[in-house]
Amino acid sequence: MANNAKLRNFAFGVALALGCSALGSVQIAFAEETIPEDGMDFALEEITVQGKRPIWEEKLSPGSVDVIRTEDFKGEQKTLADMLLTVPGLHVREVNGKGQYTTVTVRGSTAAQVGIFIDGVLANLGGDSAVDLSTIPVKNVERIEVYRGYVPSRFGGTFIGGVINIVTKKPETTNVSLEVGKSSYGGRKGSLELTAPAGAGSLMVGVNYESSDGDFKYKNYAAEHAIPTYESEITTNQDRIDNFDAKNIDNLVNGNVVSLSQDQIAYFKSNSDAWLGYVRDSSENGLNANIKDNKYNYYASQFENDPNKLESQFIAAGIKDQYIAAIDQLNQMGENFKPEDWFAYAQADWNSNGNGEIGLIDAKDKNEFINDYANANIDKDAADIVADMDPETSKTLAGCKDTVEKNKDKLKKARDAYRWRQYNDYENGSAIIKWQNADWVIKGTYNKIDRHLPDGVWGGDVYNAPINNAVDVDDKYYYDSRRQKVESTGLMLQNRKQTGKLEIGWLVDYLHQDKNYRAEHINLEDGENYTQWDRENTPFREWSEYTSDKYNFQVDGSYQLSAKSMLDFQMNYSTERMDVDGSNLNKLINDENNNNPTYAGLRNRYDQEIFNIQLQNSITLDDKGDWVLTPGIRYNQSKITGYSSGKNFENNQFKWVKPKESQTDGKATWQLALKKRFDDRFTLRSTGGTYYRLLNMSEIAGDGAGILPSPSNSSGSGSTFPVPEQGKQFDVSAIMSNKFLGADNDTILTYFWRDSENMLQLVRKGKDYWCYFNDNKGTVRGVELQSNFKWSKFDLEMQVTYQKPEMERMNSAVNYDYAKVWATYQPEWEGNIRLTYNPSEKVSMFTEAHYTDEYFTDSANDAKNSEDRYLSGKPVTDLTVINTGLKLKPASNWQLTFGCNDIFNEAPKAKIRVRGADWSGYVNNEFPIQGRTFYFTAKYDF
């Protein structure tokens, strides 16, 4: 197993060095707080909602809250995901690579358990399993607030992981700024921002653009494992070519296709011209006649040696009805016959007329059946066999030659394993217009992302990685050059007022999103192993459209109950509709072989209604304000309805998919926080509570494609929807501010614990579909250490997280006890360190490093020995990425930034260790990550 000594030594060294220092409040990553003598006049530099808020609102955030100020990273071309890496307890997963689908987890949560808000409004759409961070622009953002553990009641809903609130800039002064940037791999950035007085308030207009080609270089580690396979294929097929006649003769004789004496076999093998003449002889002395004379033995041998052919032979012989009746009768009898059992079973009861048994063929014995079948098929089969023996017409020989040439090409590509990422480009555009005065906020936003979706380098499964090692050289999939376009438009109107002890506000918000997918290249020759029927009938593979409309109304405020008590309340109601369309969605398949696939019962529309009501009271327990207690209670409810209009639900195998089905879930939960301030340098804080995460649409009703609601029984006569996830959490923090090593030091040490039940697991239920089951439960315990040092010209910011998740899973299909599994995509150790040097007001230099410990990518851990159990999790090697940059200000209104991310190009080198059935070693992450990137940014304020 990987040795993490270097990070552990780093973490423990930091802890030891800071042990004698004070544990304190956080600066760049921590909300600054000052507590006056009366215990109520809390000061908060910035407020969450952009309308007017009372100064004591800081007290409504009693738990861990980190504040990222985007101004501190000005010019560094960081994304939202990059900035979140500076926060302890968070793990960012760039699922499909840089600029592609990106999610975040908090303290061991899943991505779906994290709420993403923009200006206090929930951005999570019900049709998405988790928010894609890559689609959220941060150019016009003032700060990013990250809440872990206790979540303030002004954020509607309960989120087991936590909440991230993205706060856009407040227009205040008159200013025009222009910023342009360039980076490696075709990266381009540009933005224009204008702020100015407008009427009784102020106006901000921002327009932003970003794009990248994403064609970085990496080495495909799986290529070396493919070399023996290609060499073997070449050797085997070349041997078949070189010994074409001899192997044909052996196959015909051993397969009981012809009857030849040993002398004939030896003669034909030694005289190729004589064998070719025998093959081409159409008289009664040639190969064709020999096959027909031997027809009974040929077909009898087929049935005996290949029982899997029995079904197709019965159907071809015109006894499909009897065969289907036999299957039904077996099912009623509860028998579990494997395909290889069928022939023996049929022989034993061949002459039965169905009297309590299964009569496959009435009044006909085995010999008659074989003879009848042989007479019906021998002419065509003999002609095909003869043609395949002739080198001029042989499909087998042509196939062997083609296989040799193709494998020579594959071998050449595998021996040169360096690749350039394909279909990894993207374009992002966004615009914001925001008007604000003392009481009102009006905001409109527009975001568009247009990107290709890169191919995974495994071919769908990590064990296929060797034979798919050239995925970025050739089009390996049936559908390649897949393009996705996501457009979203948002409008918000907000009003806030304060009357005496009551501060209250309301807002209405509308969000529209169009998500479109198209496959541009259809690869019919070397694509995925799909039949022509699959290609013509599988839904969504060629194109899909998801359209969402969400309306939200919210009322929240605060009321000062007494000099020592502040009540915070919030209520919101939202309704969302998602319409789904796609290729082959409306097809109802009932072919002649009684195939009734998943596609007959797909959902094409969803509705979700959410209602939240929440109360929170901040109580100062003593006159000095050193003790603060913050209890909170909330009730959250969701109703989801799925529709499948215009489909046939009676004549297909998925009888539990109804034209309309709905589910309502709701529950009350609580939170409690207690803070004790000992003096200006030391504070203790603890929070705890329960959580109840409402599910999204796809988790309950399916996604309109491969995810369906789960059946409650084998006959599919009903359905059992998954239920919301539940959990409880606790954390305790020690905070200290002090002088240490000649610097102003702020340090915070937090222990956290979370227990989750009814966690969702996506399980493959059938050949073509998956279902969500509440099969998982787990616990995570961990420690977060944050420390900031500030000298006159140096700033040092550090954070380290250690967490130990423990996950268990129950297989609901067979209902056995819980068994331990690996928690996936959750590193035990993760840390970030950043050193900034400011020699003057015009020059600033920084270096930062981010360490991610190894983690598992597969939850299976049921192997017998520890090594196999470890490898069953398919662990990713640890990764350290180092960035550096220089910022120059030639004038007060100019800033130039030069930088390099991932100096040592480590990200594309990330590996997964795998042990397959016939090979073992390292392969790449399914979606390699972009590595060393140089960039330049110029910003000018007019």
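Tutor: Start with Lys 874, which sits in the loop between α16 (866–872) and β31 (875–876). Keep in mind that this is a predicted model.

Student: Why is Lys 874 called buried?
Tutor: The relative accessible area of Lys 874 is 9%. Buried means under 20%. So Lys 874 counts as buried.

Student: What is the phi of Lys 874?
Tutor: About 50 degrees, a positive value, although Lys 874 is not a glycine. Most residues other than glycine have a negative phi.

Student: Which other residue has a positive phi although it is not a glycine?
Tutor: Tyr 825, at about 55 degrees. Tyr 825 lies in the loop between β27 (819–821) and β28 (829–840).

Student: Why is Tyr 825 called partly exposed?
Tutor: Its relative accessible area is 22%. Buried needs a value under 20%, and exposed a value over 50%. Tyr 825 falls in between, so the label is partly exposed.

Student: Where is Gly 156?
Tutor: In the loop between β6 (141–148) and β7 (162–168).

Student: Is Gly 156 buried or exposed, and how do you know?
Tutor: Gly 156 has 7% relative accessibility. The limit for buried is under 20%. Gly 156 is therefore buried.

Student: What is Gly 156 in contact with, leaving aside its neighbours within four places in sequence?
Tutor: Phe 117, Gln 570, Asn 572, Asn 612 and Gln 614. Contact here means heavy atoms within 4.5 Å.

Student: What separates the C-alpha atoms of Gly 156 and Ile 610?
Tutor: A distance of 9.6 Å, although the two residues are 454 apart along the chain.

Student: What share of contacts in the chain join residues at least 24 apart?
Tutor: Among contacts between residues at least 6 apart in sequence, 71% do.

Student: How many of the residues count as buried, as a percentage?
Tutor: Of the 942 residues of the chain, 52%. The accessible surface is about 41,100 Å², and carbon and sulfur atoms hold 52% of that surface.

Student: Now the strands. How many are there?
Tutor: The chain has 36 strands, along with 16 helices. Five of the strands form an open sheet in the order β1-β6-β7-β4-β5, with mixed pairing.

Student: What makes β1 and β5 edge strands?
Tutor: β1 (64–69) and β5 each have a single partner strand, so one side of each has no neighbour in the sheet.

Student: How do you know that β4 and β5 pair?
Tutor: Two strands pair if there are at least two bridges between them. β4 (residues 114–118) and β5 have 2 bridges, in the antiparallel sense. So β4 and β5 meet the criterion. Phe 117 stands opposite Leu 122 in β5.

Student: How many bridges join β16 to β17?
Tutor: Strand β16 (residues 502–522) and β17 are joined by 17 bridges and run antiparallel. Tyr 510 stands opposite Tyr 551 in β17.

Student: What joins β17 to β18?
Tutor: 18 bridges, again with antiparallel strands. The two strands form a hairpin with 2 residues between them. Val 555 has Met 571 as its bridge partner in β18. Asp 549 has Arg 577.

Student: In which sense do β18 and β19 pair?
Tutor: Antiparallel, over 15 bridges. Thr 575 has Glu 609 in β19 as its bridge partner.

Student: Which residues lie nearest the centre of the largest cavity?
Tutor: Leu 122, Asn 124, Phe 159, Ile 610 and Leu 694, out of 32 lining residues.

Student: Which strands each supply at least two residues of that lining?
Tutor: β5 (121–122), β17 (543–562), β18 (565–582), β19 (605–620) and β22 (682–693). β18 gives the most, with 4 residues.

Student: How do the lining residues of the largest cavity divide?
Tutor: Into 12 nonpolar, 16 polar and 4 charged. Gly counts among the polar residues in this scheme.

Conventions. Residues are numbered from 1 along each chain as its sequence is written. This is a predicted model: local features need pLDDT of at least 70, side-chain atom pairs count only at pLDDT 80 or more; totals for chains, interfaces and linings use all residues. Side-chain values use heavy atoms; hydrogens and water are left out. Buried means under 20% relative accessible area, exposed over 50%, partly exposed in between (1.4 Å probe, protein chains only). Accessible areas come from the Shrake-Rupley method with a 1.4 Å probe; for residues, only the protein chains shown count as cover. On a 1 Å grid over the protein atoms alone, a cavity is a set of points where a 1.4 Å probe fits but cannot get out, and a pocket is an open set with protein on both sides within 12 Å along at least five of seven lines; lining residues have an atom within 4 Å of a point.
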